[in-house]
Amino acid sequence: MSSDFVVVANRLPVDRSTDPDTGESTWTPSPGGLVTALRPVLQANDGAWVGWPGSTDEVTADELPSAEETGLTLLPVNLSAEDFEKFYEGFSNATLWPLYHDLIVPPTFNRDWWDRYQDVNKRFAEAASAEAAEGATVWVQDYQLHLVPGQLRAKRDDVCIGFFLHIPFPSPELFRQMPWRTSVLEGTLGADVIGFHTQDSARNFMLTLRALGYEVTIQDSSDSATYLRGARLPEEGHIVGTVELEDGRSVKVGAFPISIDSAQVNAKANDPEVMAVAADLRAQLGHPKLLIAGVDRLDYTKGILQRLEALEYLLDSGKLNAEDVVMVQVATPSRERLDDYQRTREMVEQTVSRINGNHGSLGRSVVQYRHSGLPFEQIVGLYAAADIMLVTPLKDGMNLVAKEYVACHSDGSGALVLSEFAGAATQLVQAYLCNPHDVESIAAAVMRAVEDDPAKRKERMEQMWEHTRDNDVDRWAATFLEQLRSIDPER
């Protein structure tokens with residue numbers, strides 16, 4: 001045991017690429033706010049990161065980048081092909097993911113998947129237990145690892161444990177459908193502090209516990225929907241309530257809205273090379289009067305189909321002229337072996353084809369669709385070039401694309417059309433909000449963005465940038481860890 005601070009996440013913060021000619025593997029740091037926020041804490045506290053290396057090939061710790069290279073110890077938890085199928089694709093993403101996203105597609109309750117979920121979580125907990133120093137802080141991340149806090153506490157009652165859920169937590173009526181609801185809750189309650197993005201998710205968790213007989217105290221009963229009245233929720237992460245357990249422990253439950261490295265994204269957007277990328281992109285698209293963009297994983301929760309249908313409605317009705325508009329939709333492949341994701345891709349691509357067939361012309365497509373990822377520099381170039389960004393998830397824990405877009409428009413240019421069911425809507429209250437389940441609502445929000453007074457549109461973006469600048473990912477991590485430290489101030 002050697003690390004005072006241990007992060008436990010489904011993935012390690014490195015990606016492996018293999019040279020097709022030599023077969024030699026190289027590891028590079030993963031992009032992402034979580035890694036950015038936690039790296040300084042890890043480096044200052046002899047930190048370690050426990051996670052899956054990203055493939056079903058066996059990887060040893062010696063094969064990973066060293067602590068001298070990365071500033072932190074990387075500890076692999078390997079998954080077999082069967083683990084990947086049952087734990088990751090199965091219980092994590094065909095049971096929990098749809099259940100937590102309001103049953104947009106029906107979840108599958110499979111006992112074999114549940115058994116494998118328990119087993120894999122136990123291996124993560126064992127790895128964390130073996131690495132954590134006496135009195136260490138262990139921060140467990142996300143829905144794939146709900147059971148780790150409880151399994152770890154059973155082994156190590158000396159450590160301080162945090163858990164953060166990066167996706168929404170559903171209403172009690174939905175969560176209680178799951179056959180293993182009590183086990184998932186008990187595993188999560190092994191933590192000392194449990195964090196969510198929004199008050200709604202935190203309150204849903206508390207009300208679920210109350211319905212199942214736990215003793216809970218809800219200190220903050222505010223409703224996240226106050227943003228619909230133009231009121232932003234508290235900037236700081238804060239405690240929504242507490243849970244009193246039979247073993248005498250008191251667990252804090254709070255809302256800690258995650259963010260981005262806003263300064264880094266803003267600096268990237270203002271880099272001359274990226275500015276050139278943005279200018280080249282508009283030129284390649286024929287200098288459209290209106291450039292609309294969407295950047296998402298190709299997931300049924302992201303509302304890509306609905307935003308395309310909204311564009312089609314605007315074109316069909318003549319409210320937008322096809323000669324003036326180009327939409328760029330980047331749809332990064334995701335979980336492609338799952339049937340629901342395959343169906344989503346088919347419907348999206350059929351709609352893209354129909355729009356271009358009806359409204360495009362020879363040599364010019366209205367929708368430029370890319371079913372692959374892009375380097376971050378090109379993504380930032382697209383953000384900077386876009387006049388309107390469509391972020392229209394049917395349900396989302398936060399959605400950092402919205403904040404990245406805002407960070408690329410600190411000059412007040414651009415406009416953000418944002419789903420009221422994204423956690424980001426509770427903070428970016430000046431966005432043009434829409435109901436993503438209603439195609440006409442999305443279309444109306446787009447037209448408000450197009451037709452709004454330029455000075456008011458600029459003011460909206462400037463206010464969102466100020467908020468995003470002042471509430472970055474470092475602040476998110478600091479507010480959560482401050483609550484963890486308060487459990488045992490002398491640690």
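## Before we start

Keep in mind that this is a predicted model.

## The nine-stranded sheet

Let's begin with an open sheet of nine strands, whose pairing is mixed. Going across it, the strands come in the order E5-E4-E1-E6-E7-E8-E11-E10-E9. At the edges sit strand E5 (73–76) and strand E9 (215–218); each has a single partner strand, so one side of each is left without a neighbour in the sheet. From one strand to the next, the twist averages 20 degrees.

Zoom in on strand E6 (residues 132–141) and strand E7 (residues 160–164): they run parallel and are joined by five bridges.

Helix H4 (residues 111–131) lies across strand E1 (3–11), strand E4 (48–52), E5 and E6. Its direction is at about 160 degrees to E1.

H4 also meets helix H3 (residues 81–100): their axes come within 9 Å and cross at roughly 110 degrees. Angles of 65 to 115 degrees count as roughly perpendicular, and H3 and H4 are therefore roughly perpendicular to each other. On the H3 side, the residues that meet H4 include Phe87, Gly90, Phe91 and Ala94. Among their counterparts in H4 are Trp113, Trp114, Tyr117 and Val120.

## The six-stranded sheet

There is also an open sheet of six strands, in the order E14-E13-E12-E15-E16-E17, and here the pairing is parallel. Strand E14 (367–370) and strand E17 (432–434) take the edges, each with a single partner strand, so one side of each is left without a neighbour in the sheet. On average, and ignoring direction, neighbouring strands of this sheet are turned by 20 degrees against each other.

Within this sheet, four bridges join strand E15 (residues 388–391) to strand E16 (residues 415–419), and the two run parallel. Leucine 390 has valine 417 in E16 as its bridge partner.

## The nonpolar cores

Which residues touch the most other members of the largest nonpolar core? Out of its 68 residues, the answer is Trp49, Trp139, Met389, Leu416, Leu418 and Trp476. Helix H17 (residues 473–487) supplies the largest share of this core, six residues. The core draws at least three residues from each of domain 1 (3–259 + 474–486) and domain 2 (262–470). A second, separate core has 64 residues, including Phe175, Ile194, Ala202 and Val216.

Tryptophan 139 is worth a click. Beyond its neighbours within four places in sequence, it is in contact with residues including Phe5, Val7, Leu38, Phe163, Trp476 and Phe480.

Is lysine 302 buried or exposed? Its relative accessible area is 10%, and buried means under 20%, so lysine 302 counts as buried. You'll find lysine 302 in the loop between strand E12 (290–297) and helix H11 (304–316). Leaving out neighbours within four places in sequence, its contacts include Asp296, Arg307, Thr392 and Asp396.

Methionine 178 is in a loop too, between helix H6 (172–175) and helix H7 (181–188). With 1% relative accessibility, methionine 178 counts as buried. Not counting residues up to four places away in sequence, methionine 178 touches Phe91, Thr95, Leu96, Leu99, Phe109 and Val184. Leucine 96 is 82 residues apart from methionine 178 along the chain, with their C-alpha atoms separated by 8.8 Å.

How values were computed. Residues are numbered from 1 along each chain as its sequence is written. This is a predicted model: local features need pLDDT of at least 70, side-chain atom pairs count only at pLDDT 80 or more; totals for chains, interfaces and linings use all residues. Side-chain values use heavy atoms; hydrogens and water are left out. A nonpolar core is a set of buried Ala, Val, Leu, Ile, Met, Phe, Trp, Tyr and Cys residues joined through side-chain atoms within 4.5 Å. Buried means under 20% relative accessible area, exposed over 50%, partly exposed in between (1.4 Å probe, protein chains only). Domain bounds come from an automatic or database domain assignment. Contact means heavy atoms within 4.5 Å. Two strands pair if DSSP finds at least two bridges between them. Axes are lines fitted to C-alpha atoms, for helices over the stretch in contact, and angles run from 0 to 180 degrees between N-to-C directions. Angles under 35 degrees count as roughly parallel, over 145 as roughly antiparallel, 65 to 115 as roughly perpendicular and the rest as oblique.
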